[in-house]
Amino acid sequence: MNRVVLWLIAASLTFEPLAAASRQDKEAAALRGQLLTHITILASDDFAGREPGTEGEAKTLRYIGQNWSDFGMVSGTNDPGHPWFAPVTLVGRQPDTSRAVFTRRGKRVFVPQDQVLVITSGKRALVENAPMTFVGTGEVIPARAELAGRIAVLLDGGREDSKRQNALLAAGASGVLTVLDGDRSLDHVAATRQREAYALAGAELGGDIDAFISASALSTALNGTKFNFAMLTAAAADRKFFPLPLDLTVSLEATSRETRIHTHNVIGKVPGKRPELGAVLLVAHWDHFGTCAQPPAEHLICNGAIDNASGLAVLIEVARRLSKGPQLDRDVYLLATTGEELGLLGAQAFAENPPIPLAQFVAAFNIDSVALAPAGRPFGIVGNGMTRLDADIAAVAKQQKKNLAIDDKANAYVKRQDGWALLQHDVPAVMVSSSWSDLALVEHFFDTDYHRPSDVVRPGMELGGAADDVEFLTALARWFGDAKKVPKRP
Ligand SMILES: [Zn+2]
């Protein structure tokens, strides 16, 4: 062996791992670049916030469909009349008229109508001359006898959920009048309800009644009764609080206006060798809020860069990798849903009208708001412990030399993502992402840009974790698409 050969061996020993590492770095950088390109286009003002039923939807569908067909994928709708794009009709019920009339011993009590908001999720709802009972903060739900046929008057305390209202209705109240004593304004409640009151066409909507009143208007209504508002709040703060019948009755009436939105899920497929063995499903919602701010704000569009252009970008790049092969045993369906922001409605429509029987999906992975974590973080699982997928996900992590953050903390968000609509139909669905192992990142996003016009592409947008997600989700799809690794269940 001469010195030149020795030198070559030494050189190759020294440089080959470096070359491999730099190739990996280059591939990772290229992937981050591809993700950034998708996100920049999908979250551009040109796509106008990807609102269902608008030109922004048409552009979004075209972008996803074009990428997927370029990769050689086929339509997954199983409907020759509607290849790629499965129609979904949404019905919105927006608050229209609102009326609240207060009386005391048969005499009308004047309350300004603009200080009360009465809403129903149905077309019309009415409660007439119901006595009012103050239930404090609703921490303790009164007995049925104390509530039946009555309007429960509840202190809001700035809480956004409707759990207490629902519990009061379940306990027999005819309706709940929530007193906005905290940060929430009537305008805020009205704006939120504009968005919440959507459903799939054909779904039954109740004739429930939900009313809100400002604290000052309730004070006015209480004039001349034995309580004033300060007495009620003091009573509510007492540990020994009990419900207080008020010397007031109220008639509440609400009507809604109906609007229909014609929108679409995008469904593509990477065909497997043995589709009779079932399929794997990957999901990300494409929709967002469109224009969501009012002048004088300068930027009015909710572009939804993280929520959920980032998830779509990951879905598109996983689709590219799976299309390149190797061909799997099972089909892989890729689903970009509509109406997630209006209540997981596209995912629900898919579950109610799937291209193959839902029982054939061996695993589903949802991808939502993933451009948060830097590279190299462990993967969190939303839905950990709730499906039969955990052991296989752990096996893939081991195979890929990745860490999982095994706890149930991320499960707090399970109902707020499309996987929940699938879980309702017994499809084993989880969300696996490095952005969801560090809830501080997720919560910071919720507190800052989430559902605001500031969710835009910024210079230096963090895409390291999203790129990791592409690799891991591709490995998961390959594992679950392999009938030897995950046999068909009897
Ligand atoms: Zn969202």
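This is a predicted model: local features need pLDDT of at least 70, side-chain atom pairs count only at pLDDT 80 or more; totals for chains, interfaces and linings use all residues.
Let me begin with helix 10 (residues 390-399) and helix 13 (residues 464-480), whose axes come within 10 Å and cross at roughly 120°. The axes here are lines fitted to C-alpha atoms, for helices over the stretch in contact, and the angles run from 0 to 180 degrees between N-to-C directions. That angle makes helix 10 oblique to helix 13, given that angles under 35 degrees count as roughly parallel, over 145 as roughly antiparallel, 65 to 115 as roughly perpendicular and the rest as oblique. The crossing of helix 10 and helix 13 is right-handed; a crossing has that hand if the near helix is turned clockwise from the far one by less than a right angle, and is left-handed if anticlockwise.

Helix 10 contributes D392, I393 and V396 to the contact, and helix 13 contributes A475, L476, W479 and F480. Contact is taken as C-beta atoms, placed from the backbone, lying within 7 Å. By class, the residues of this contact are 6 nonpolar, no polar and 1 charged. In this scheme Ala, Val, Leu, Ile, Met, Phe, Trp, Tyr, Cys and Pro are nonpolar, Asp, Glu, Lys and Arg are charged, and the others, Gly among them, are polar.

Residues are numbered from 1 along each chain as its sequence is written.

Helix 13 also packs with helix 8: their axes come within 9 Å and cross at roughly 45°. Helix 8 and helix 13 are therefore oblique to each other, and their crossing is right-handed. On the helix 8 side we find S310, A313, V314, E317, V318, R321 and L322, which meet A466, D469, V470, L473, T474 and A477 of helix 13. This contact has 8 nonpolar, 2 polar and 3 charged residues.

Which residues touch the most other members of the largest nonpolar core? They are L282, V314, L315, F365 and L473, in a core of 99 residues. Helix 8 (residues 305-323) supplies the largest share of this core, 11 residues. Such a core is a set of buried Ala, Val, Leu, Ile, Met, Phe, Trp, Tyr and Cys residues joined through C-beta atoms within 7 Å. A residue is buried if 20 or more other C-beta atoms lie within 10 Å of its own, exposed if 12 or fewer, and partly exposed in between, with C-beta atoms placed from the backbone.

Setting aside neighbours within four places in sequence, L282 is in contact with L315, V318, V332, L334, F365, I367, L473 and A477. A second, separate core has 40 residues, including L117, V127, L147 and A254.

For the chain as a whole, the secondary structure comes to 13 helices and 18 strands. Both are DSSP runs numbered from the N terminus, helices being H or I of at least four residues and strands E of at least two. The C-alpha atoms fill a box of roughly 110 × 50 × 50 Å along the principal axes. Of the 490 residues, 45% are buried. Among contacts with a separation of 6 or more, 82% join residues 24 or more positions apart.

T249, in strand 10 (residues 244-270), has its C-alpha atom 8.3 Å from that of R105, 144 residues apart along the chain. Leaving aside neighbours within four places in sequence, T249 is in contact with T103, N129, A130, P131 and M132. M231, in helix 7 (residues 229-237), is 87 residues from V318 along the chain, and their C-alpha atoms are separated by 60 Å.

Finally, the backbone. Most residues other than glycine have a negative phi, and most peptide bonds are trans. The bond from P295 to P296 is cis, with omega near 15°, and P296 lies in the loop between strand 12 (290-291) and strand 13 (301-302). The bond from D307 to N308 is also cis, with omega near 5°, and N308 is found in helix 8.

Phi is positive at A48, near 50°, in the loop between helix 1 (3-42) and helix 2 (55-70). Is A48 buried or exposed? A48 is buried, because 20 other C-beta atoms lie within 10 Å. N78 has phi near 60° and counts as partly exposed, with 15 C-beta neighbours inside 10 Å.

Technical notes:
Two residues are in contact if their C-beta atoms, placed from the backbone, lie within 7 Å.
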